[in-house]
Amino acid sequence: MELRLTPVSGIAFSGGIDSTFLAALAKRIDPYVSLYAVGLPDSHDIAQAEYAAEAIGMKRNLKTHFLSPEEIEAVVPEVIYATESTDPMKVAIGLPLHIVAKTAREEGKRVILTGQGADELFGGYSRHEGFFEQGVDVLDREIYSDLENISAINLERDDMVAMANSVELRVPFLDKEVIKTGLAINPELKVRKKEGAYIRKYILRTAAEDLLPPKILWKEKKAVQYGTGVQKTLDRLARDYGFSKKQGGHIEKYLSQIASEKGFDFINER
């Protein structure tokens, strides 16, 4: 994987296998590249990012932004506007990256790298386990499908929140040569089953063995909306707004209400 860094580059850093592998590779090019982590003070991602940064000798590179429920509430309209969506998943996933981009831009960064694409290319989602059980051909086909749809499902959202902060997003795992190599790898090396347990992204973890400690290599990462504490906060904000979780769709109702209050016409046009 070829990385091109400039003094104005940073890395969205959660401490998971994808972002930590990127950081370890980037360190060889620029030992001072900034790592940006966000999350509530007691969140999984903050603890994991701090551990991972220290483990790869980049503790001084880590820039930690501690979120608060009040900041999340204040930023929600910005993310809705940037993504043109009140979809709870889009907002919950887009919000941490929005903060990363905003923080990086305030420090003069114009480009941030993310680990986006590693899950799609190397079988990193839990659903890939089910596809594996149906046969390696099924898994292979679904990985192709994930890559074909990644732009509409993930990249568009991420690019929107980054560009809202005048920051360019780059995704090394989706480099053409990386994709070409990744697709040529046997699916059985992407998802492995050992003693009844699945190892997703097996080949990627193996490739990083010389750079990362086992605790990072073989740990399954929480989805960003849960790892940062954003999902839990949105859940509480929606309930505080008077929307019942028991009735279903309470977060989307809350987001739609915010959009309506802000006069976001594109929401009403759908």
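**View 1. The largest pocket holds about 1,200 Å³ of space**. Of the 49 residues that line this pocket, Ile93, Asp119, Tyr125, Ala223 and Val224 are the closest to its centre. A pocket here is an open set of points, on a 1 Å grid over the protein atoms alone, with protein on both sides within 12 Å along at least five of seven lines, and lining residues have an atom within 4 Å of a point. A volume is the space filled by probe spheres set on the points, which are joined across faces, edges and corners. The model shown is predicted, so that local features need pLDDT of at least 70 and side-chain atom pairs count only at pLDDT 80 or more, while totals for chains, interfaces and linings use all residues. Residues are numbered from 1 along each chain as its sequence is written, and side-chain values use heavy atoms, with hydrogens and water left out.

**View 2. Several helices and a strand supply the lining of the largest pocket**. At least two lining residues come from each of helix H1 (17–29), strand S2 (34–39), helix H2 (44–55), helix H4 (88–106), helix H5 (118–122), H7 and helix H11 (224–227); helices (H or I, at least four residues) and strands (E, at least two) are DSSP runs, numbered from the N terminus. H7 gives the largest share of this lining, 7 residues. By class, the lining has 19 nonpolar, 13 polar and 17 charged residues, where Ala, Val, Leu, Ile, Met, Phe, Trp, Tyr, Cys and Pro count as nonpolar, Asp, Glu, Lys and Arg as charged, and the others, Gly among them, as polar.

**View 3. The largest cavity has a volume of about 30 Å³**. A cavity is a set of grid points where a 1.4 Å probe fits but cannot get out, and the count comes to 1 cavity of 30 Å³ or more. Gly15, Gly16, His44, Gln48, Lys219, Glu220 and Lys221 line the largest cavity, and this lining has no nonpolar, 4 polar and 3 charged residues.

**View 4. The axes of helix H3 (residues 69–83) and helix H7 (residues 136–163) come within 8 Å and cross at roughly 120 degrees**. H3 is therefore oblique to H7, given that angles under 35 degrees count as roughly parallel, over 145 as roughly antiparallel, 65 to 115 as roughly perpendicular and the rest as oblique. Axes are lines fitted to C-alpha atoms, for helices over the stretch in contact, and angles run from 0 to 180 degrees between N-to-C directions. Val79, Ala82 and Thr83 in H3 meet Arg157, Met160 and Val161 in H7, contact meaning heavy atoms within 4.5 Å. The residues of this contact of H3 with H7 comprise 4 nonpolar, 1 polar and 1 charged.

**View 5. Helix H12 (residues 230–240) packs against helix H13 (residues 250–262) at an angle of about 70 degrees, with the axes 9 Å apart**. The two helices, H12 and H13, are therefore roughly perpendicular to each other. From H12, Gln231, Leu234, Asp235, Leu237, Ala238 and Arg239 meet His250, Ile251 and Tyr254 in H13.
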